[in-house]
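Please keep the sequence and the model at hand while reading.

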Amino acid sequence: MRRCVLCIWIAWDDALIVPSRRRRYKTKQNVKKMSSEPGAEKALDKLKKLPHNLKCANCQAFAQHGHGAVVMKYGIFVCHTCKSAHQSYSHLCKSVTMSFWSHKEVEQLRKGGNKRARATYLANMDPSNAIKPGVSLQAAKTFVALAYNE
């Protein structure tokens with residue numbers, strides 16, 4: 001029996017056995033585009049540096065250059081602790097720097113933003129339920145459940 005690793009075929013007594021899984025080679029047709037749309041990251045960078053987006057929408061933690069996480073369901077910029085709290089409720093969260101962005105997603109963030117979230121979701125909350133920067137993950141989860149899920 002002979003086996004060729006590159007061609008993935010096995011010959012047995014001059015009979016060719018072709019496995020059902022064949023190697024696919026990358027061509028222009030079957031390679032998926034894996035990058036952000038042109039200009040989308042630049043627009044996102046401008047959005048995250050707006051004054052009302054420099055503070056986490058939930059705990060008000062300040063980030064000089066903007067927060068690195070976004071909750072897409074609500075269009076808000078959050079700190080990493082609050083991002084983890086949102087993820088525990090299966091809210092889609094994306095990294096500002098590590099994710100691929102489309103213009104449609106950036107436009108969704110432009111329509112949302114931390115200012116709008118505070119005016120809609122957090123406006124009717126009891127101020128005693130507010131959380132401060134550096135809270136535990138469990139406290140952040142409780143806050144997210146009260147503010148966004150109820």
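In which helix do lysine 48 and aspartate 45 both lie, and how many residues apart are they? Both belong to helix α1 (residues 40-48), where three residues, about one turn of the helix, separate them. Helices (H or I, at least four residues) and strands (E, at least two) are DSSP runs, numbered from the N terminus.

## Basis of the report

The model is predicted: local features need pLDDT of at least 70, side-chain atom pairs count only at pLDDT 80 or more, and totals for chains, interfaces and linings use all residues. Residues are numbered from 1 along each chain as its sequence is written, and side-chain values use heavy atoms, with hydrogens and water left out.

Four salt bridges are found in a search of the whole structure; the term denotes a side-chain nitrogen of Lys or Arg within 4 Å of a carboxyl oxygen of Asp or Glu. One of them joins lysine 48 to aspartate 45, with an N to O distance of 3.8 Å.

The two partners differ in accessibility class (buried, under 20% relative accessible area; exposed, over 50%; partly exposed, in between; 1.4 Å probe, protein chains only). Lysine 48 is buried at 11% relative accessibility, whereas aspartate 45 is partly exposed at 31%.

Lysine 94 pairs with glutamate 105 in a salt bridge whose closest N and O atoms are 2.9 Å apart. Lysine 94 counts as buried, its relative accessibility being 12%.

Within helix α3, glutamate 107 and arginine 110 stand three residues apart, about one turn of the helix. Their side chains form a salt bridge with an N to O distance of 2.8 Å. Glutamate 107 is partly exposed at 34% relative accessibility, and arginine 110 is likewise partly exposed, at 44%.

A network formed by salt bridges that share partners joins Asp45, Lys48 and Lys49.

## Cysteines

A disulfide is a covalent bond between the sulfur atoms of two cysteines. Under the criterion of a pair of cysteine sulfur atoms within 2.5 Å, the whole structure contains zero disulfides. Cysteine 59 is in no disulfide, and the nearest cysteine sulfur, that of cysteine 79, lies 3.6 Å away.

Is cysteine 59 buried or exposed? Cysteine 59 is buried, with a relative accessible area of 3%. Cysteine 93 also counts as buried, at 15% relative accessibility.
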